[in-house]
Amino acid sequence: MEQACATVNKEPQQPRVELHMNTRDRPEYLAIALSSLLSQTYDNWDLAIADGSRQRSAEKEYVARLLHIIEQHGRKVRTITGVNGIPQTYQALLNSSKAEMILRCEDDCFWDPTALASMVSAIQQDPLIAAVGAFTPNWNGATDNSAKAPFQLNNGFRWIKTPTLQGRYGWVAEDGQGQIVNTDHVYDVTVIHAGSLFKVEAIRAVGGYATMLSPAGHREETDLYCRLYFAGYRLVVAGAARMWHFQATNGGSRPQGFVDPDRAAMQMADEALFQMRLSEWVEQHPDKPIAVLK
């Protein structure tokens with residue numbers, strides 16, 4: 001009887017999550033992002049930063065002090081440098097990670113305090129769930145659509161003419177993750193917008209990040225999500241998780257701002273390669289249909 005009682009109410013062990021932060025020449029935004037991560041109610045995590053800045057972000061006093069606080073909270077902090085490109089950088093972080101789960105972060109985002117806890121809870125619901133996204137309203141364009149059907153999320157692909165295809169039609173991923181939804185429901189989707197909480201074994205099983213794309217990384221997230229989806233994994237969005245995207249106008253993948261001819265040329269090449277890959281996946285996996293939005 002005593003032995004049986006000893007196992008009652010034993011709580012499952014919280015998984016250790018490694019947060020993968022990619023930053024470049026945006027130390028002020030990085031400080032905001034780090035502050036929001038410090039405020040997470042889920043506290044079992046470490047931090048890995050890929051810093052491509054011309055002046056290392058940790059040389060800024062406010063960033064250095066934030067990193068010190070993170071370490072004082074018992075979290076490991078590691079930094080890599082010298083890697084160029086968005087998918088290439090995240091792959092380098094993945095290659096050197098020993099974590100079972102990673103949260104892919106960007107330096108111009110703000111995470112609501114319960115976001116990580118909600119995502120960890122969602123990813124543990126099913127072994128087939130490979131990635132959990134959060135709702136990601138932009139700082140200046142948030143809309144409250146909580147009155148809509150709570151268990152349906154506008155998500156899929158649309159045929160449109162896109163400038164990066166020079167007037168040709170192509171599949172463009174679209175979703176309703178920019179809205180604000182007040183529910184604990186977990187939504188099954190075909191693709192996720194922005195970074196997610198990932199199971200490392202799932203990313204590695206489908207070949208890792210899309211490093212065949214340019215350093216601009218156009219479509220690289222969509223490419224990874226498609227490979228996971230067509231491989232039979234579940235992708236979900238946690239209604240209770242929210243991450244605000246500031247869309248910084250400089251730094252990161254926009255060193256010359258939004259109008260950057262070099263970046264535009266890389267995007268065009270990435271788009272053409274992604275469209276070819278997606279067409280092949282759709283043909284190879286008739287059992288895994290994608291939603292076509294009107």
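A total of 14 salt bridges is counted in this predicted model, a salt bridge being a side-chain nitrogen of Lys or Arg within 4 Å of a carboxyl oxygen of Asp or Glu. The model is a prediction, in which local features need pLDDT of at least 70 and side-chain atom pairs count only at pLDDT 80 or more, while totals for chains, interfaces and linings use all residues. Residues are numbered from 1 along each chain as its sequence is written, and side-chain values use heavy atoms, with hydrogens and water left out.

One of the salt bridges joins the side chains of aspartate 46 and arginine 16, at 2.7 Å from N to O. This pair links distant parts of the chain, 30 residues apart: aspartate 46 belongs to strand S2, and arginine 16 to the loop between helix H1 (2-6) and S1. Here helices (H or I, at least four residues) and strands (E, at least two) are DSSP runs, numbered from the N terminus.

Both residues return in the lining of the second largest pocket, together with Val17, Glu18, Leu47, Lys76, Val77, Arg78, Lys98, Ala99 and Glu100. Strands S1 (17-23), S2 (45-51) and S3 (77-80) each supply at least two residues of this lining, and the pocket holds about 210 Å³ of space. On a 1 Å grid over the protein atoms alone, a pocket is an open set of points with protein on both sides within 12 Å along at least five of seven lines, a cavity is a set where a 1.4 Å probe fits but cannot get out, and lining residues have an atom within 4 Å of a point. Grid points are joined across faces, edges and corners, and a volume is the space filled by probe spheres set on the points. The pocket lining divides into seven charged, four nonpolar and no polar residues (nonpolar: Ala, Val, Leu, Ile, Met, Phe, Trp, Tyr, Cys and Pro; charged: Asp, Glu, Lys and Arg; polar: the others, Gly among them).

One cavity of 30 Å³ or more is found. The largest cavity, of about 50 Å³, is lined by Leu30, Ile49, Asp51, Arg56, Ser57, Ala58, Leu67 and Thr79.

Turning to the helices, the axes of H7 (residues 220-230) and H8 (residues 261-284) come within 11 Å and cross at roughly 10 degrees; axes are lines fitted to C-alpha atoms over the stretch in contact, with angles from 0 to 180 degrees between N-to-C directions. H7 and H8 are therefore roughly parallel (an angle under 35 degrees). Thr222, Asp223, Cys226, Arg227 and Phe230 of H7 meet Phe274, Arg277, Leu278, Trp281 and Val282 of H8, contact meaning heavy atoms within 4.5 Å.

Terms used. Angles under 35 degrees count as roughly parallel, over 145 as roughly antiparallel, 65 to 115 as roughly perpendicular and the rest as oblique.
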